[in-house]
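User: Please take a close look at the pockets of this model and at the annotated site that goes with them. I would like one connected account.

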Amino acid sequence: MLKSCIKGVGHYVPENIVTNDDLSKLMTTTDEWITERTGIKERHHRKNRNDSEETTAYLGFKASEAALKMAGMTGKDIDYIVFATLSPDYFFPGCGVLLQEMLGCETIGALDVRNQCSGFVYAMSVANAFIKSGQYKNILVVGAEIHSFGLDFSDAGRGVSVIFGDGAGAIILSATEDENAGDILATNMHSEGKYADELCTKFPGSKFGWSDRMRLEPENVTDAEIYPVMNGNFVFKHAVTRFPETMMEALNKAGKKPEDLDMFIPHQANLRIAQFVQQRFGLPDEKVYNNIQRFGNTTAASIPLALSEAIEKGKIKRGDLVLLSAFGSGFTWGSVLFNY
């Protein structure tokens, strides 16, 4: 029976670090205010907001290089790409095909996933299904974001802009029949579109406007349309409900209990959410990995970035039972439970 085993992981962030104190020079905020509400102390932003080289696809490429090196593979060994992002280089085409070219892969399929914070969980679930169907052998799954170019660094946007960072993470998911190898034990994916407007960016889109509107009436395109908007308290309340649901669904499907976990990695949305879930499940600190303090919320990149870093630091070892869970815009949420 085919298993889906993680053969390699990698991550990459821009060198430029932006602290809370740095942001306080751009808007009315403080380190104390940001830390208390989010847990974030710093995040990485590309140095030039309008850089045409250090793009989302490029960050994904650098993370993928690290994952391929760990797996002892090259781009030629990859037979499918799943790329999760909300901040693509172009409106179309997606980042998957750009990464395919950067890595020198064959003319393989490249699928883009636009599920924002839940993007990597969705991408990993899709890749797992492809692997276990026997259709592909080695799938590169990437989550990457450049948020810094599209945030409102004024007082009007501070509730959102202090949260997000740039970064990327990648894994190589491979088919194996080795009984001693790891495997994905359970996945689940959910959505509730009636809350779409509670966390979104509205423009450009067929509902709020397209090229003609930008060309003919740019003065009528508002900040509330072009920058992310979030009903923070509303999102928080739904997140702390959906996180436990999706976690227990994955554990129950695999016949596991919370105490069986060796590591839980939540989407790095807000440290308070992660701490609430940790307390709810009675998980000790050594079984929960958070790095939002240093990277902020990197949306689709947050889970693979945290997973790669946890493995690099030796906090996750082969055979460990690991749970990944995410909740975000859409609303969408889901989990992946696996033996590493």
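Analyst: In this predicted model, the largest pocket has a volume of about 1000 Å³. Its lining counts 34 residues. Closest to the centre are Leu86, Arg114, Thr201, Lys202 and Phe203. Sorted by class, the lining of the largest pocket holds 19 nonpolar, 9 polar and 6 charged residues.

The second largest pocket has a volume of about 400 Å³. Here 24 residues form the lining. Ile163, Met230, Gly232, Ala269 and Asn270 lie nearest the centre of this second pocket. Helix 9 gives the most, with 6 residues. By class, the lining of the second largest pocket has 14 nonpolar, 8 polar and 2 charged residues.

Now the annotated site. An unreviewed UniProt entry places the feature "active site" at Cys117, His267 and Asn297. These positions span 181 residues in sequence, yet no two of their C-alpha atoms are more than 8.8 Å apart, so they gather at one spot. From this set, Cys117 is part of the lining of the largest pocket.

Take Cys117 on its own. It sits in the loop between strand 5 (109–113) and helix 5 (119–133). Is Cys117 buried or exposed? Cys117 has a relative accessible area of 10%, under the 20% cut-off, so it counts as buried. Leaving aside residues up to four places away in sequence, Cys117 touches His267, Asn297, Thr299, Ala300, Ala326, Phe327 and Gly328. Both of the other annotated residues, His267 and Asn297, are therefore on the contact list of Cys117.

His267 comes next. It lies in the loop between strand 11 (263–266) and helix 10. His267 is buried too, with a relative accessible area of 3%. With residues up to four places away in sequence again left out, His267 touches Cys117, Phe243, Asn297, Thr299, Ser302, Ile303, Ser325, Ala326 and Phe327. Cys117 and Asn297 are among them. What does the side chain of His267 make with the side chain of Asn297? The two side chains make a polar contact, at 3.4 Å.

Technical notes
Residues are numbered from 1 along each chain as its sequence is written. This is a predicted model: local features need pLDDT of at least 70, side-chain atom pairs count only at pLDDT 80 or more; totals for chains, interfaces and linings use all residues. Side-chain values use heavy atoms; hydrogens and water are left out. On a 1 Å grid over the protein atoms alone, a cavity is a set of points where a 1.4 Å probe fits but cannot get out, and a pocket is an open set with protein on both sides within 12 Å along at least five of seven lines; lining residues have an atom within 4 Å of a point. Grid points are joined across faces, edges and corners, and a volume is the space filled by probe spheres set on the points. Ala, Val, Leu, Ile, Met, Phe, Trp, Tyr, Cys and Pro count as nonpolar, Asp, Glu, Lys and Arg as charged, and the others, Gly among them, as polar. Helices (H or I, at least four residues) and strands (E, at least two) are DSSP runs, numbered from the N terminus. UniProt positions are given in the numbering used here, feature names are shortened, and annotations may be inferred rather than shown by experiment. Buried means under 20% relative accessible area, exposed over 50%, partly exposed in between (1.4 Å probe, protein chains only). Contact means heavy atoms within 4.5 Å. A polar contact is a pair of N or O atoms within 3.5 Å; within protein, one must be able to donate a hydrogen and the other to accept it, and residues adjacent in sequence count only if both atoms are side-chain atoms.
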